Every structure is written in C-alpha cells, then in structure tokens.
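Trainee: I have not worked with this structure before, and I would like to go through it slowly with you. Could we take one part at a time?

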Amino acid sequence: MIYILKFIAAFLLPPGLFVLLGIILSVYLRRRQNFGCFAFSLSAVLTLLLYFSSTLLGAKLLGQPLENRYSQQEPAAAQVIVVLGGGSVGSVPDGTERGGLMSAGAARLLTAARLAKQHSLPVLISGGQVFSDGASEALVAERILLQLGLPQEQIIVETQARTTKENAAYSAALCRERGYKNVLLLTSALHMPRSMQFFERYLGEQGIKVVAYPCDYTLNPQGKFNPRWLVPQLQAFDITCMALHEYVGMAGAFLQR
C-alpha cells in the first residue's frame, strides 16, 4: 500500500502533476481538430521531455556519465585540498553566527574536513559572494571548519571567485604563491568534469598536478532498474537540471579555449 500511495502522490505534486496536465492537454488538442497537428505534437513532445527529465531513468542517463568520469584518488601525495563552494544562504541563523552553506557546499566541506584531519593537509576554500543577498562561501566555510576543530593555520581562504573558471584562476594564483605542486580538487561528482577542465588548464599551465576527489554523489552507480525509475520525482528532475547545466558549462569551457 505504501508504494501505491507514493505512486499516486507522485502525480499529485510537481513535476508529476505538470506531466499529468501535459497529458490531459495533449489528449484535448488531439481530439479538437481545429487546433491542428502542430499544437498537439508540440504539447506531446514537451510533455514527454518533462516526463523523461523528471524520472530517475532520465537523471541516470544524463548524470551518471558525469559522476562516473572521475574516481576518488588517494590524497597522500597532495600538498593541499582545494574545495569549491556550492552555494550559500545569507543572513540565516547558524548558531550565534549568520549565513549558511547550501547542501552541496556543506557536503563538500564535510568531506574536505575529514580528509584534512586524516592526512594533515591544508584546505584551500574557494568561493565568493555571488549574489547580493548571499554570503561569502569561503568565509562561512572557514567558520565551520574552525568550529569542527581544524586549526586556523590549516585553512586558506579565497573569497573572490564567483564561477568555476574563477575558482581555478584564483586558486592557481594562491597555489603558485605557496609553492604547491600537487593539488587534490574536491567538489561534487556532477561538477567534477567541468571543474577539471578549468583546473587542468589554469594549474597545468604552471606545472601543478591536479587529481580529482569527487564527493556529494546523487546517483547509485550500482542501482538496478525498478519501476520507481519511471515515476516522476522532484529529486530526479533536480539532478537532470544540474546535469544539463554541467553539459552546457563544459561546452562553454571548451569553446573558451
């Protein structure tokens, strides 16, 4: 019964509700000949695209190649961990402080903190204030790392970057200043291929080796197909949108060469 209720709920809430409305509209246009074949075809195609993009099947087909591109590398040879910001929320309460990290940024920072303690590595946090109502990601992350017990001398803050390209450019400058030649790049698995494009370009030009340490995975690489893959889900739609964002960004990065 619980699975039946979940299936029904999937079509009563977005994005399943919008898929259902699209189906109803397509059937209506099909029956009303005065609207013409084009209106029906457009409605049907858009509904199918929305349905596909909101299923776990669609999310896996688009997102899995990105998340599987790189595997977590051994950090023993690294001299510094570079962790990229993943979004911030300004003015929200965080204990006695204000400003917090969004889920991707928090997951990246937690992984970085664990690695830094296990391998006694410095952490370079890259991320500035992108929007006026946000917060400086690097400064919020620095505060959290200090609260988690990482000493100040183990934390390096870069507060200017607003894009992945700027993350790479500003991090490259700091690594050059400090003489780092081996960098462990830490970011979300979906974001890693695009990040490596920029970091291998900017750091590679200076003879700095970059190895990947993806985290914050969204998809189970060993998951087997089941009917749930075909049910519209907001989480799946979110993953699909993030994956499309990465593909567009990778194309843009390639054209900027």
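Mentor: Let us begin with how elements are named: helices, of at least four residues, and strands, of at least two, are DSSP runs numbered from the N terminus. Please keep in mind that this is a predicted model.

Trainee: In which helix is methionine 250 found?

Mentor: Methionine 250 touches Leu66, Arg69, Pro193, Arg194 and Gln197, when residues up to four places away in sequence are not counted. As for its own place in the chain, the helix that holds methionine 250 is H9.

Trainee: Does methionine 250 count as buried or exposed?

Mentor: Buried means a relative accessible area under 20%, and exposed means over 50%. Methionine 250 has a relative accessibility of 13%, and therefore it counts as buried.

Trainee: What covers the buried residues of H4?

Mentor: Helix H4 spans residues 56-67, and its buried residues are Leu56, Gly58, Ala59, Lys60, Gly63, Gln64, Leu66 and Glu67. One of these, Leu66, is also touched by methionine 250, which is found in H9. The cover over the buried residues of H4 includes helix H3 (36-53), helix H8 (192-204) and helix H9 (234-255).

Trainee: How far apart are the end C-alpha atoms of H4?

Mentor: Helix H4 has 12 residues, and at 1.5 Å a residue a straight helix would reach 16 Å. The end C-alpha atoms of H4 fall short of that span, being only 14 Å apart.

Trainee: Turning to the strands, which are the edge strands of the open sheet?

Mentor: The open sheet has five strands with parallel pairing, in the order E5-E4-E1-E6-E7. An edge strand here pairs on one side only, and the two that do so are strand E5 (155-158) and strand E7 (209-215).

Trainee: Which residue in E5 does serine 126 stand opposite?

Mentor: Strand E4, residues 123-126, runs parallel to E5, and four bridges join the two. Within E5, the residue opposite serine 126 is glutamate 158.

Trainee: At about what angle to E5 does helix H7 run?

Mentor: Two helices can be described against E5, and one of them, helix H6 (residues 137-147), lies across E4 and E5 and runs at about 165 degrees to E5. Helix H7 (residues 164-178) lies across strand E1 (80-84), E4, E5 and strand E6 (182-188), and its angle to E5 is about 135 degrees.

Trainee: Which residues does alanine 116 contact, leaving aside its neighbours within four places in sequence?

Mentor: Alanine 116 lies in helix H5, residues 103-119, and it counts as buried because its relative accessibility is 1%. With those sequence neighbours left aside, its contacts are Ile81, Leu121, Val123, Leu150 and Gln154.

Trainee: Which residue in the turn between E2 and E3 has a positive phi?

Mentor: Strand E3, residues 97-101, runs antiparallel to E2, and four bridges join them; serine 88 stands opposite leucine 101 in E3. The two strands form a hairpin with two residues between them, and the turn residue with a positive phi, of about 70 degrees, is glycine 95.

Trainee: Which element gives the largest share of the lining of the largest pocket?

Mentor: The largest pocket holds about 990 Å³ of space, and of the 39 residues that line it, the closest to its centre are Gly85, Gly86, Gly87, Ala104 and Arg108. Strand E2 (88-94), H5, H7, H8 and H9 each supply at least two lining residues. The largest share, seven residues, comes from H9.

Trainee: Finally, about how much space lies in the largest cavity?

Mentor: The residues lining the largest cavity include Val83, Leu84, Leu101, Ile125 and Glu137, while E1, H5 and H6 each supply at least two residues of that lining. The space in this cavity is about 70 Å³.

How values were computed
Residues numbered from 1 in each chain as written. Predicted model: local features only at pLDDT ≥ 70, side-chain atom pairs only at ≥ 80, totals over all residues. Heavy atoms only, no water. Buried < 20%, exposed > 50% of the residue type's maximum accessible area, 1.4 Å probe, protein only. Contact = heavy atoms within 4.5 Å. Pairing = 2+ DSSP bridges. Axes fitted to C-alpha atoms, helices over the stretch in contact; angles between N-to-C directions. Expected span 1.5 Å × (residues − 1). 1 Å grid on protein atoms, 1.4 Å probe; cavity = no way out; pocket = protein on both sides within 12 Å on 5 of 7 lines; lining within 4 Å. Points joined across faces, edges and corners; volume = space filled by probe spheres on them.
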